[in-house]
Amino acid sequence: MKVSDTIEAFIKEMLENSEGPLELQRNELAGYFRCAPSQINYVLSTRFSMDRGYLIESQKGGGGYIRIICINMDKNDYILRQIERVGQEVGLQEAIQIIRSLADRGIVDNTARLIMESAVQNDALMIPSSSIRDAIRASVLRSMLVTLVKK
């Protein structure tokens with residue numbers, strides 16, 4: 001497991017156990033994971049963004065902190081944000097992250113997650129050109145997400 005994945009899982013577990021917003025010290029977290037504070041920034045900006053249902057507040061300086069707030073969205077609002085996130089092209093890793101976020105929020109079960117992930121794999125799309133493959137992957141993923149909204 002990559003350091004970024006480990007940090008993400010750690011923060012998500014802390015969020016689940018918190019009774020509201022989670023406050024962290026960037027330097028303490030970096031020390032805990034033995035990484036640069038920029039690695040923490042990367043995880044926060046890529047995995048805890050608004051389109052993923054999180055709000056990040058931070059205060060820099062000696063007593064600085066990072067506050068992570070999980071935004072309560074209903075299922076359809078969350079799926080619609082993910083459709084926007086897909087855009088006209090989506091890479092494999094981004095598609096997998098979107099699908100896993102649906103499972104994390106209980107929108108799809110593990111079986112549906114596995115089926116969706118297999119449908120967006122490079123092997124399933126069998127297109128040699130990466131830009132065309134990413135456009136087809138986006139179309140397939142959007143179609144699955146629209147089906148979830150209709151459900």
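**View 1. Met126 sits in the loop between α7 (122–125) and α8 (130–150).** Helices here are DSSP runs of H or I with at least four residues, strands are runs of E with at least two, and both are numbered from the N terminus. This is a predicted model: local features need pLDDT of at least 70 and side-chain atom pairs count only at pLDDT 80 or more, while totals for chains, interfaces and linings use all residues. Residues are numbered from 1 along each chain as its sequence is written, and side-chain values use heavy atoms, with hydrogens and water left out. Met126 has a phi near 50 degrees, a positive value in a residue other than glycine. Most residues other than glycine have a negative phi. With a relative accessibility of 69%, Met126 counts as exposed (exposed is over 50% relative accessible area, buried is under 20%, and partly exposed is in between, using a 1.4 Å probe and protein chains only).

**View 2. Arg34 is another non-glycine residue with a positive phi, about 55 degrees.** Look for Arg34 in the loop between α2 and α3. Its relative accessibility is 79%, so Arg34 counts as exposed.

**View 3. Zooming out, the protein has 8 helices and 3 strands.** Following the sequence, the pattern reads α-β-α-α-β-β-α-α-α-α-α. The C-alpha trace spans about 50 × 35 × 25 Å along its principal axes. Of the 151 residues, 37% count as buried. Take the contacts (heavy atoms within 4.5 Å) between residues at least 6 apart in sequence: 58% of them join residues at least 24 apart.

**View 4. Helix α1 (residues 3–17) crosses helix α3 (residues 37–47) at roughly 65 degrees, with their axes coming within 10 Å.** That makes the two helices, α1 and α3, roughly perpendicular. Axes are lines fitted to C-alpha atoms, for helices over the stretch in contact, and angles run from 0 to 180 degrees between N-to-C directions. Angles under 35 degrees count as roughly parallel, over 145 as roughly antiparallel, 65 to 115 as roughly perpendicular and the rest as oblique. Pick out Ser4 in helix α1: at 8% relative accessibility it counts as buried. Setting aside residues up to four places away in sequence, Ser4 touches Gln39, Tyr42, Val43 and Arg47.

**View 5. Glu8 and Arg47 join their side chains in a salt bridge, 2.8 Å from N to O.** Glu8 is in helix α1 and Arg47 in helix α3, so this pair ties together parts that are 39 residues apart in sequence. Both Glu8 and Arg47 are buried. A salt bridge here means a side-chain nitrogen of Lys or Arg within 4 Å of a carboxyl oxygen of Asp or Glu. By this rule the count comes to 11 salt bridges.

**View 6. Glu117 forms a salt bridge with Arg100, and their closest N and O atoms are 2.9 Å apart.** The pair links distant parts of the chain, with Glu117 in helix α6 (residues 110–119) and Arg100 in helix α5 (residues 92–104), 17 residues apart. Glu117 is buried, with a relative accessible area of 8%, whereas Arg100 is partly exposed at 42%. Elsewhere, salt bridges that share partners join Asp5, Glu8, Lys12, Arg47 and Asp104 into one network.

**View 7. Arg26 is buried yet has no salt bridge.** Its nearest side chain of opposite charge, Glu28, is 12 Å away (Lys and Arg count as positive and Asp and Glu as negative; His and the chain ends are not counted). Arg26 belongs to helix α2 (residues 26–33). Apart from its neighbours within four places in sequence, Arg26 is in contact with Pro37, Ile40, Asn41, Leu44, Ser58 and Ile66.

**View 8. Helix α4 (residues 75–86) and α8 cross at roughly 170 degrees, and their axes come within 10 Å.** The helices α4 and α8 are therefore roughly antiparallel to each other. This crossing of α4 past α8 is left-handed. Among the residues of α4 that meet α8 are Ile79, Leu80 and Ile83, and the α8 side includes Leu141, Leu145 and Val149.

Conventions
Left-handed = near helix turned anticlockwise from the far one by under 90°.
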